[in-house]
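Visitor: I'd like to learn how to read a structure like this one. Could you walk me through a few features?

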Amino acid sequence: MADANTEHEVIIIGAGVCGIYMLHRMLELDVDAVVLEAGSGPGGTWYWNRYPGARFDSESYTYGYSFDPEILAEWSWSEHFAAQPETLRYLEFVVDKLDLRGHMQFDSRVESARFVDGENRWRVKLTDGRELGCRFLVTAIGMLSAATLPRIPGRETFEGESFHTYYWPKEGVELAGKRVAVIGTGATGVQVIAEIADKVGELTVYQRRPNWCAPLNNGPIDEQEMQRIRASYDEIFARCRETPGSFLHGPDFRVFDEVPESERLAFWNELYAGRGFGVWLGNFRDVLVEEAPNAVYSEFIADRIRERVHDPEVAEKLIPKDHGFGTRRVPLETRYFEAYNRDNVHLVDVNETPIEAITPRGIRTSDGEREFDIIVYATGFDAITGAFDRIEISGTGGQTLAEKWREGPITYLGLATAGFPNLLTLAGPQGASVSSNFPPNIEVGVNWAAELIDYLRGHGLTRVEATTDAEDEWTAEIMESYEGALLTRTRSWFTGYNSNVDGHDKLRYMIYLGGAPAYRKRLNEVVRHGYEGFRLA
Ligand code: NAP
């Protein structure tokens, strides 16, 4: 239901994890704020991604918000890594508990936002023709919300059902007995494949590059364990505050070379059998930094894949050969590799037999056509900046953000960019939330932005803008942190590559690699020095 009031102090775009908390902070500070959300309900990522198997790889009790003792006391997680329906229910519970719905407008997609210099205000246009105004525009539009389809000829001619995983139909899809194709083997593809392998008739996976996948080792949480978790929330959040990625898992400070081989293997087996991202982030610190130890660890993981996949030829195809373990986002899985031991699951390596076209009946590769009832595109996202590019955001002098960021993002702290006053890019490029467990750092960014808005109001100020010097310095720092990092040697969304988006064929400086504790320290310093790097007026 559209709110008759169109002029606000703050407009927040997006009702996901980030937008929900930002709205709450604004209302707490008695700021007139509204959320505009393209979906028909809150939840963001968890509203859209309804594909079978969708769940997070963060321990549930580190993914929930930490700010409200009542929410922590009242909510129970049923699994160590909750699935999408539960996470969506959790976010709806938070929205209702904090009484936020009245300040959210659903089915409201923002088309453009224009800064009006003389007024120090933004004019925001929606695709339904409505226009709203605000002093501060806050983007909470997600880093993986601009889904990209593969550029394969004939896609629109397919006569069966087809969709991107992000837009998996809300009403569900009948899979029993169906011939299903999945294109893409990133974290999403891996989850869908493992989940539907035993539910469909035939499943054919089209793989371009395999990823280093490792077991999630999920498990249920009963009421007793939930009580123990509740009693230790303080320690859980304290632990997350001290690790670089804000997960429970932080690096082991021993150095690979100094640990005897037998001890090393025992430790790695423990990591492989442990829950969550320990297998990636809990390793000796040099394994993700130095090529030689990384190669040994990669081989250890490759051997686990060889043990789990019966057909040695298929196993070799599922082992990455072009990048080391952990240099792209590690998909965590449940019985993913075992899916390939099933007679109804087939792996097509598109490097050997490239996809030529989608046809009315299926997919044609260089060795012939296979027929399908359903094609699932698990082909990823125009990550981090894509959602910004899809809104025409124009700042001072009419420059658009898409123009400014054409060669890659330029920001100050990942939260602001020069030439776009009163725009706060929460969870935007070059911030810490993008490269870590999302919610804990969302809370940091939101609190910082809320305090800034409160400060400006308290001092009768109507304009805040990052200086070009500050953003040049920040962006240079980000670029420097990429030097020598193993992850810059491989193509993935972390480094800004996407073969389905024009111009995304070279390294982009998308994420902050300095770790969440250093990022928090930096934000605090900026405040202590009177919002250093910002021009306030
Ligand atoms: P992704 O990692 O970018 O994977 C996209 C996949 O599609 C890749 O395998 C890619 O191959 C393939 N692909 C793209 N275009 C293609 C084409 N034209 N032909 C053939 N293959 C093509 O995307 P995603 O799997 O959606 O994951 C994105 C991110 O979302 C993850 O890294 C993660 O951060 C997040 N996510 C999280 C969870 C979780 O928390 N558990 C679950 C799902 C997603 P190439 O590798 O060769 O490019």
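Visitor: Let's start with the ligand. How many Å is an oxygen atom of the ligand from an N or O atom in the side chain of arginine 209?

Guide: A quick caution before the answer: this is a predicted model. For a polar contact, you look for a pair of N or O atoms within 3.5 Å. Here a ligand oxygen lies 3.1 Å from a side-chain N or O atom of arginine 209. Tryptophan 493 also has a side-chain N or O atom at 2.7 Å from a ligand oxygen.

Visitor: How much of the ligand does the protein bury?

Guide: Here you begin with the ligand taken alone, which exposes 910 Å². The protein buries 85% of that.

Visitor: And which residues around the ligand are the closest?

Guide: The shell has 23 residues, and the closest are Arg55, Thr188, Arg208, Arg328 and Trp493. Sorted by class, you get nine nonpolar, eight polar and six charged residues. Helix α6, residues 187-196, gives the most to this shell, with three residues.

Visitor: On to sheets. What is the strand order in the open sheet of five strands?

Guide: You read a sheet by which strand sits beside which. In this sheet the order is β7-β16-β8-β9-β12, and the pairing is parallel. β7 (161-164) and β12 (345-349) are at the edges with a single partner strand each, so one side of each has no neighbour in the sheet. From one strand to the next, the twist averages 15 degrees.

Visitor: How many bridges pair β7 with β16?

Guide: Four, in the parallel sense, with β16 covering residues 374-377. To see one of the pairs, find histidine 164: its bridge partner in β16 is tyrosine 377.

Visitor: What about the open sheet of three strands; what is its order?

Guide: That one goes β13-β14-β15, with antiparallel pairing. The edge strands, β13 (355-358) and β15 (368-371), each pair on one side only. The twist here averages 25 degrees from one strand to the next. Three antiparallel bridges pair β13 with β14, residues 362-365. Alanine 357 is opposite arginine 364 of β14.

Visitor: Which strands does β4 pair with, beginning with the antiparallel case?

Guide: The antiparallel partner is β5, residues 121-126, with six bridges. Valine 116 has arginine 121 as its bridge partner in β5. β4 and β5 form a hairpin with four residues between them, and asparagine 120 in the turn has a positive phi of about 55 degrees. β4 also runs parallel to β17, residues 392-394, and three bridges join the two. Alanine 113 has isoleucine 393 as its bridge partner in β17.

Terms used: Residues numbered from 1 in each chain as written. Predicted model: local features only at pLDDT ≥ 70, side-chain atom pairs only at ≥ 80, totals over all residues. Heavy atoms only, no water. Near = heavy atom within 4 Å. Polar contact = N/O pair within 3.5 Å; in protein donor to acceptor, adjacent residues only side chain to side chain. Areas by Shrake-Rupley, 256 points an atom, 1.4 Å probe, with all protein chains shown as cover. Nonpolar A, V, L, I, M, F, W, Y, C, P; charged D, E, K, R; others polar. Pairing = 2+ DSSP bridges. Axes fitted to C-alpha atoms, helices over the stretch in contact; angles between N-to-C directions.
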